[in-house]
Amino acid sequence: MFCRAGINGCRRFILSRSLSSTAQRNVKVAVLGASGGIGQPLSLVLKQSPLISELSLYDIVLTPGVAADLSHIETPPKVNGYLEDGLDEALKGCDVVVVPAGVPRKPGQLEGVVISDIKWFRFHRDDT
């Protein structure tokens with residue numbers, strides 16, 4: 001009798017947790033290319049998300065200004081802007097990395113060639 005009640009109680013707990021309407025808000029997102037024509041509006045949309053706790057913006061120019069503009073919006077995510085030498089710091093502890101960065105394609109050029117031409121495009125792995 002006791003074991004059966006324990007199992008049912010456990011099932012109720014699991015069911016109540018899976019149907020919970022509260023979202024966990026501890027996701028750090030990095031946007032690489034945050035100063036561009038796609039990166040700025042994307043960063044604005046991400047700043048308004050209740051699921052994100054920190055937004056890390058990176059680009060080779062103008063990123064601190066974009067971060068300052070977004071920080072004036074009264075939503076919970078903390079915003080940090082990093083320039084070219086701050087890529088490692090921008091990616092530290094990130095859960096999601098979005099890369100809207102790139103260069104315009106020349107006529108007839110394939111997308112894969114454009115990505116390989118970006119000099120600062122590197123993959124990082126956090127081993128901690």
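Q: A salt bridge is a side-chain nitrogen of Lys or Arg within 4 Å of a carboxyl oxygen of Asp or Glu. How many salt bridges does the structure hold?

A: The structure holds one. This is a predicted model, in which local features need pLDDT of at least 70 and side-chain atom pairs count only at pLDDT 80 or more, while totals for chains, interfaces and linings use all residues. Residues are numbered from 1 along each chain as its sequence is written, and side-chain values use heavy atoms, with hydrogens and water left out.

Q: What makes the pair Lys28 and Glu54 a salt bridge?

A: The N to O distance between the two side chains is 3.9 Å. The limit is 4 Å, so the pair qualifies.

Q: Which parts does the pair Lys28 and Glu54 tie together?

A: Lys28 belongs to strand S1 (residues 27-32) and Glu54 to strand S2, so the bridge joins parts that are 26 residues apart in sequence. Helices (H or I, at least four residues) and strands (E, at least two) are DSSP runs, numbered from the N terminus.

Q: Is Lys28 buried or exposed, and how do you know?

A: Lys28 has 10% relative accessibility and counts as buried. Buried means under 20% relative accessible area, exposed over 50%, and partly exposed in between (1.4 Å probe, protein chains only).

Q: How many helices and strands does the chain have, and what pattern do they follow along the sequence?

A: The chain has five helices and four strands. Read along the sequence, they give α-β-α-β-α-β-α-β-α.

Q: Which residues of helix H3 (residues 63-71) are buried, and why are they said to line one face?

A: Thr63, Val66, Ala67 and Leu70 are buried. Seen down the axis of H3, the buried residues fall within an arc of 100 degrees (taken from the directions from the helix axis to the C-beta atoms), so they line one face of the helix. They pack against helix H2 (39-47), strand S2 (52-58) and S3.

Q: Why is Asn80 called buried, and what is in contact with Asn80?

A: Asn80 has a relative accessible area of 18%, and Asn80 lies in strand S3. The limit is 20%, so Asn80 falls on the buried side. Leaving aside neighbours within four places in sequence, Asn80 has contacts with Glu54, Leu55, Ser56, Leu57 and Ala67.

Q: Is Asp59 buried or exposed, and which residues does Asp59 contact?

A: Asp59, in the loop between S2 and H3, has 10% relative accessibility and so counts as buried. Beyond four places in sequence, its contacts are Gly33, Ala34, Ser35, Gly36, Tyr82, Leu83 and Glu84. The C-alpha atoms of Asp59 and Tyr82, 23 residues apart along the chain, are separated by 6.8 Å.

Q: How are Ile60 and Leu62 classed?

A: Ile60 is at 38% relative accessibility, so Ile60 is partly exposed. Leu62 is at 61%, so Leu62 is exposed. Ile60 is in the loop between S2 and H3, and Leu62 is also placed in the loop between S2 and H3.

Q: What is noted about the phi of Leu62?

A: Leu62 has a positive phi of about 65 degrees although it is not a glycine. Most residues other than glycine have a negative phi.

Q: Why is Ser71 called partly exposed?

A: Ser71, in helix H3, has a relative accessible area of 42%. This lies between the 20% and 50% limits, so Ser71 is partly exposed. The C-alpha atoms of Ser71 and Lys47, 24 residues apart along the chain, are 8.6 Å from each other.

Methods
Contact means heavy atoms within 4.5 Å.
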